[in-house]
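Morning, everyone. Let me put the structure up.

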Amino acid sequence: MSVYNSFFEDSSFLWTSILCSAFSVWTLVQGEVLVIGSNLPIIAAPGDDVILPCHLEPMFDVQGMTVEWSKPDLKPNPSDRLSRVEYVHLYRDRQEVPDMKMASYFRRTELFMDDMKHGNISLKILNVSEEDNGRYRCFIPKLRSRVKSAIVELIVDPNFAKTSTTETPLHFQTPDPQDVTPANGRSRVSVVAVVITFMSVLVVVAFSACFSRCLHQKLNKLSEGKTTQSQV
């Protein structure tokens with residue numbers, strides 16, 4: 001039996017395992033639903049109505065799920081044991097829950113209810129002020145994904161040219177859930193590249209290890225055969 005025949009017979013199970021693993025990783029990368037925010041800050045003037053963009057990709061219906069918008073940098077008062085960090089906006093059981101909102105955002109926030117079936121969970125904030133500055137977190141707690149939340153930063157600048165509140169400017173428009181943002185496209189390509197590189201290295205290592213083992217066994221057999229002949 002040749003070295004090559006021995007190699008392929010001994011390593012058939014290993015190759016099957018590698019292919020199955022590669023298929024599983026590729027399926028995970030391709031099929032997982034991710035929460036996507038904005039890498040750039042949203043800049044507005046006091047009095048503007050703004051939209052903090054956030055959506056799911058690929059498109060996923062979230063009408064029956066809980067959606068939380070909060071300010072992650074806002075901490076509870078350590079001197080008050082009963083204090084808690086309330087929500088900027090809370091959507092639960094297919095409706096807004098105003099009792100859980102921070103008082104300063106009462107009647108000033110809303111989701112795009114009709115677009116939630118397309119995965120759009122962007123938050124609209126009316127009449128912003130400098131007190132609204134900061135980072136906002138959109139979060140879907142029961143989403144089966146490694147990426148359940150995203151961060152969007154809002155900057156309210158008095159020196160920023162005030163926009164009309166009757167027409168949303170281009171960079172405040174509700175994002176189309178079917179569009180792929182350049183940043184997310186790059187991140188998805190990076191993940192795929194890392195997976196492919198990892199699997200390639202694994203295949204090369206497995207091939208080298210199996211071939212070396214088979215070659216070593218073949219050489220041992222030849223050496224044993226020569227030893228036997230010399231003894232005779």
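Are D132 and R108 buried or exposed? Keep that in mind for a moment; a reminder that this is a predicted model.

D132 and R108 form a salt bridge, and their closest N and O atoms are 2.5 Å apart. The two residues come from distant parts of the chain, 24 residues apart. D132 is in the loop between β9 (123-125) and β10, while R108 is in the loop between β7 (95-96) and β8 (109-111). As for the question, both D132 and R108 are buried.

That pair belongs to a total of 4 salt bridges. I will go through two others.

Next, E32 and R146. Their side chains form a salt bridge with an N to O distance of 2.8 Å. E32 sits in the loop between α2 (12-31) and β1 (34-36), and R146 in the loop between β10 (134-139) and β11 (149-156), so this pair ties together parts 114 residues apart in sequence. What is the relative accessible area of E32? The value for E32 is 10%, so E32 counts as buried. R146 has a relative accessible area of 62%, which means that R146 is exposed.

Last, E96 and K101. Here the side chains meet in a salt bridge at 3.1 Å, N to O. E96 is partly exposed, at 34% relative accessible area. K101 has a relative accessibility of 5% and is therefore classed as buried.

To recap the burial: D132 and R108 are both buried. In the E32 pair, E32 is buried and R146 is exposed. In the E96 pair, E96 is partly exposed and K101 is buried.

That is the item.

How values were computed:
Residues are numbered from 1 along each chain as its sequence is written. This is a predicted model: local features need pLDDT of at least 70, side-chain atom pairs count only at pLDDT 80 or more; totals for chains, interfaces and linings use all residues. Side-chain values use heavy atoms; hydrogens and water are left out. Helices (H or I, at least four residues) and strands (E, at least two) are DSSP runs, numbered from the N terminus. Buried means under 20% relative accessible area, exposed over 50%, partly exposed in between (1.4 Å probe, protein chains only).
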